[in-house]
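Take a look at the sequence and the 3D structure below.

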Amino acid sequence: MTPDTPLDRLDDDDYPAYTMGRAAEMLGTTPAFLRALGEARVITPLRSEGGHRRYSRYQLRIAARAREMVDQGTSIEAACRIIILEDQLEEARRMNDELRRDGAGATGDNPGSARPAR
(Lines give C-alpha, C1' and ligand atoms only; values in the text may rest on other atoms or scores of the structure.)
Protein backbone atom coordinates (compact mmCIF):
# COMPACT_ATOMS: atom_id res chain seq x y z
CA MET A 1 0.00 0.00 0.00
CA THR A 2 1.38 3.37 -1.01
CA PRO A 3 1.06 6.39 1.26
CA ASP A 4 -1.68 8.76 0.07
CA THR A 5 -0.08 12.00 1.25
CA PRO A 6 3.46 13.11 2.08
CA LEU A 7 2.50 13.14 5.78
CA ASP A 8 1.59 9.44 5.59
CA ARG A 9 5.26 8.74 4.82
CA LEU A 10 6.15 9.77 8.37
CA ASP A 11 4.70 6.48 9.60
CA ASP A 12 6.18 4.35 6.80
CA ASP A 13 9.15 2.29 8.11
CA ASP A 14 10.24 1.56 4.54
CA TYR A 15 10.29 5.15 3.27
CA PRO A 16 13.91 6.14 2.47
CA ALA A 17 13.94 9.39 4.44
CA TYR A 18 17.52 9.55 5.74
CA THR A 19 20.66 10.56 3.89
CA MET A 20 23.84 8.63 4.50
CA GLY A 21 25.30 11.43 6.61
CA ARG A 22 22.19 11.72 8.77
CA ALA A 23 21.91 7.92 9.12
CA ALA A 24 25.56 7.65 10.18
CA GLU A 25 25.09 10.48 12.67
CA MET A 26 21.98 8.88 14.17
CA LEU A 27 23.76 5.53 14.55
CA GLY A 28 27.01 7.05 15.81
CA THR A 29 28.97 5.40 13.03
CA THR A 30 30.67 6.36 9.79
CA PRO A 31 29.39 6.41 6.22
CA ALA A 32 32.00 3.72 5.48
CA PHE A 33 30.24 1.39 7.95
CA LEU A 34 26.93 1.92 6.13
CA ARG A 35 28.63 1.32 2.77
CA ALA A 36 30.09 -1.94 4.14
CA LEU A 37 26.59 -3.09 5.15
CA GLY A 38 25.42 -2.30 1.64
CA GLU A 39 28.30 -4.22 0.08
CA ALA A 40 27.43 -7.20 2.28
CA ARG A 41 23.81 -6.81 1.09
CA VAL A 42 22.45 -6.62 4.61
CA ILE A 43 20.74 -3.39 3.63
CA THR A 44 20.22 -1.95 0.18
CA PRO A 45 19.65 1.78 0.35
CA LEU A 46 17.52 3.40 -2.30
CA ARG A 47 19.07 6.12 -4.39
CA SER A 48 17.82 9.68 -4.78
CA GLU A 49 17.49 11.19 -8.24
CA GLY A 50 21.00 12.56 -7.74
CA GLY A 51 22.36 9.09 -6.90
CA HIS A 52 22.73 9.62 -3.15
CA ARG A 53 22.00 6.76 -0.76
CA ARG A 54 18.77 7.06 1.25
CA TYR A 55 17.92 4.84 4.23
CA SER A 56 14.61 3.88 5.83
CA ARG A 57 13.91 3.50 9.54
CA TYR A 58 13.74 -0.27 9.02
CA GLN A 59 17.23 -0.25 7.46
CA LEU A 60 18.53 1.91 10.30
CA ARG A 61 17.31 -0.65 12.83
CA ILE A 62 19.22 -3.38 10.96
CA ALA A 63 22.32 -1.19 10.81
CA ALA A 64 21.99 -0.48 14.54
CA ARG A 65 21.87 -4.24 15.22
CA ALA A 66 25.03 -4.73 13.14
CA ARG A 67 26.73 -1.86 14.93
CA GLU A 68 25.82 -3.37 18.30
CA MET A 69 27.39 -6.72 17.33
CA VAL A 70 30.53 -5.06 15.96
CA ASP A 71 30.85 -3.01 19.15
CA GLN A 72 30.73 -6.28 21.11
CA GLY A 73 33.68 -7.65 19.13
CA THR A 74 32.00 -9.49 16.23
CA SER A 75 33.61 -8.87 12.86
CA ILE A 76 31.48 -6.92 10.42
CA GLU A 77 31.41 -9.91 8.06
CA ALA A 78 30.15 -12.21 10.81
CA ALA A 79 27.61 -9.64 12.02
CA CYS A 80 26.23 -9.30 8.49
CA ARG A 81 25.99 -13.06 8.11
CA ILE A 82 24.22 -13.40 11.46
CA ILE A 83 21.70 -10.72 10.52
CA ILE A 84 21.02 -12.36 7.16
CA LEU A 85 20.52 -15.75 8.84
CA GLU A 86 18.24 -14.22 11.48
CA ASP A 87 16.16 -12.63 8.72
CA GLN A 88 15.94 -15.93 6.83
CA LEU A 89 14.92 -17.75 10.01
CA GLU A 90 12.20 -15.18 10.73
CA GLU A 91 10.87 -15.53 7.18
CA ALA A 92 10.86 -19.34 7.45
CA ARG A 93 8.98 -19.13 10.76
CA ARG A 94 6.45 -16.76 9.24
CA MET A 95 5.89 -19.08 6.29
CA ASN A 96 5.65 -22.10 8.61
CA ASP A 97 3.01 -20.36 10.75
CA GLU A 98 1.09 -19.41 7.61
CA LEU A 99 1.17 -22.99 6.31
CA ARG A 100 0.03 -24.30 9.70
CA ARG A 101 -2.91 -21.88 9.72
CA ASP A 102 -3.85 -22.88 6.16
CA GLY A 103 -3.47 -26.57 7.02
CA ALA A 104 -5.51 -26.26 10.22
CA GLY A 105 -8.39 -24.78 8.26
CA ALA A 106 -8.27 -27.62 5.72
CA THR A 107 -8.14 -30.42 8.31
CA GLY A 108 -10.50 -28.72 10.75
CA ASP A 109 -13.50 -29.52 8.55
CA ASN A 110 -12.88 -33.27 8.73
CA PRO A 111 -12.12 -34.43 12.29
CA GLY A 112 -11.13 -37.91 11.10
CA SER A 113 -8.27 -36.50 9.06
CA ALA A 114 -6.56 -34.59 11.88
CA ARG A 115 -3.04 -35.77 12.71
CA PRO A 116 -2.16 -36.47 16.33
CA ALA A 117 -0.12 -33.83 18.15
CA ARG A 118 3.57 -34.56 18.63
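For sorting residues, Ala, Val, Leu, Ile, Met, Phe, Trp, Tyr, Cys and Pro count as nonpolar, Asp, Glu, Lys and Arg as charged, and the others, Gly among them, as polar. The model shown here is predicted.

Begin with the second largest pocket, whose volume is about 180 Å³. Its lining consists of R41, V42, Y58, R61, I62, R65, I83, I84, E86, D87 and E90. Sorted by kind, the lining residues of this pocket comprise 5 nonpolar and 6 charged, with no polar ones.

Which helices each supply at least two residues of this lining? They are α3, spanning 57-71, and α4, spanning 76-108. The most comes from α4, which gives 5 residues to the lining of the second largest pocket.

Helix α3 also takes part in a helix pair. The axis of α3 and that of helix α1, residues 20-27, come within 10 Å and cross at roughly 45°.

On the α1 side, the contact is made by A23, M26 and L27, and on the α3 side by L60, A63, A64 and R67. The residues of this contact between α1 and α3 divide into 6 nonpolar and 1 charged, and no polar residue is included.

Notes:
Residues are numbered from 1 along each chain as its sequence is written. This is a predicted model: local features need pLDDT of at least 70, side-chain atom pairs count only at pLDDT 80 or more; totals for chains, interfaces and linings use all residues. Side-chain values use heavy atoms; hydrogens and water are left out. On a 1 Å grid over the protein atoms alone, a cavity is a set of points where a 1.4 Å probe fits but cannot get out, and a pocket is an open set with protein on both sides within 12 Å along at least five of seven lines; lining residues have an atom within 4 Å of a point. Grid points are joined across faces, edges and corners, and a volume is the space filled by probe spheres set on the points. Helices (H or I, at least four residues) and strands (E, at least two) are DSSP runs, numbered from the N terminus. Axes are lines fitted to C-alpha atoms, for helices over the stretch in contact, and angles run from 0 to 180 degrees between N-to-C directions. Contact means heavy atoms within 4.5 Å.
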